[in-house]
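Here is a short tour of one model, helix by helix.

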Amino acid sequence: MSSSWTAEVETKAPAAAIFKAAFLDWHNLGPKLIPQIITGVTLISGDGSLGSIRQINFSPAVPFGFIKERLDSIDHEKLELKTSVVEGGDLGSKIESATSHIKVEPKGNGSIVKVSATYKAIAGVDVAEDVKKAKEGFINSVKAVEEHLVANPGAYA
């Protein structure tokens, strides 16, 4: 049976800039902004467009070394994308599958970042703590990007 979680993060950064920085250029920006969590991001296949797969490598602060995610859909005009975990993380040990749908919406001079993540836990495995950590990680990542964009208003404009 599939389950899901959602989160919304309000930011002071423009929607297009948050979308570009946090999701399209995360392979460059993530390791710079939160090196205590992300040690590197590598494009495994593709050029960052639809169907591309990237590997996010984590520090020992995370209970697994990496995840590989595929970009399943992207809409630059609507500022939304969908990804699927294809390897690593808790895939195979705690979950059978995981997908995310992210949408960034303008709000005044800032934006709201929304995520809806769907996963299928392996029977008998409790993933409640993992879901809590995933949500916190998502929120903290968006907030790190927001701080970067507020401090560098011309970035990703």
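The buried residues of H3 pack against strand S1 (2-11), helix H1 (15-24), helix H2 (26-33), strand S6 (95-107) and strand S7 (110-121). Contact here means heavy atoms within 4.5 Å, and helices (H or I, at least four residues) and strands (E, at least two) are DSSP runs numbered from the N terminus. This is a predicted model, in which local features need pLDDT of at least 70 and side-chain atom pairs count only at pLDDT 80 or more, while totals for chains, interfaces and linings use all residues. Residues are numbered from 1 along each chain as its sequence is written, and side-chain values use heavy atoms, with hydrogens and water left out.

Which residues of H3 are buried? They are Asp130, Val131, Phe138, Ser141, Val142, Ala144, Val145, Glu146 and Leu149. Buried means under 20% relative accessible area, exposed over 50%, and partly exposed in between (1.4 Å probe, protein chains only). As background, an α-helix has 3.6 residues a turn, so residues three or four places apart point the same way.

Now to the helix pairs. Axes are lines fitted to C-alpha atoms, for helices over the stretch in contact, and angles run from 0 to 180 degrees between N-to-C directions. Angles under 35 degrees count as roughly parallel, over 145 as roughly antiparallel, 65 to 115 as roughly perpendicular and the rest as oblique.

The axes of H2 and H3 come within 10 Å and cross at roughly 90 degrees. That makes H2 roughly perpendicular to H3. On the H2 side, Trp26, Leu29 and Leu33 meet Ser141, Ala144, Val145 and His148 of H3. These contact residues divide into 5 nonpolar, 2 polar and no charged. In this grouping Ala, Val, Leu, Ile, Met, Phe, Trp, Tyr, Cys and Pro count as nonpolar, Asp, Glu, Lys and Arg as charged, and the others, Gly among them, as polar.

H1 and H2 pack with their axes 6 Å apart, at an angle of about 80 degrees. That makes H1 roughly perpendicular to H2. Ala21, Ala22, Phe23 and Leu24 in H1 meet Trp26, His27 and Leu29 in H2. By class, this contact has 6 nonpolar, 1 polar and no charged residues.

H1 is mostly covered, with 7 of its 10 residues buried. Those residues are Ala15, Ala17, Ile18, Phe19, Ala21, Ala22 and Phe23.

Leu79 lies in the loop between strand S4 (66-75) and strand S5 (80-88), whereas Tyr156 is in the segment after H3.

Gly154 also sits in the segment after H3. Is Gly154 buried or exposed? Gly154 is exposed, with a relative accessible area of 59%. The C-alpha atoms of Gly154 and Pro35, 119 residues apart along the chain, are separated by 23 Å.

Finally, the record: an unreviewed UniProt entry lists residues 1-152 as "domain: Bet v I/Major latex protein". UniProt positions are given in the numbering used here, feature names are shortened, and annotations may be inferred rather than shown by experiment. In the model, residues 1-152 are 28% helix and 45% strand, with end C-alpha atoms 44 Å apart.
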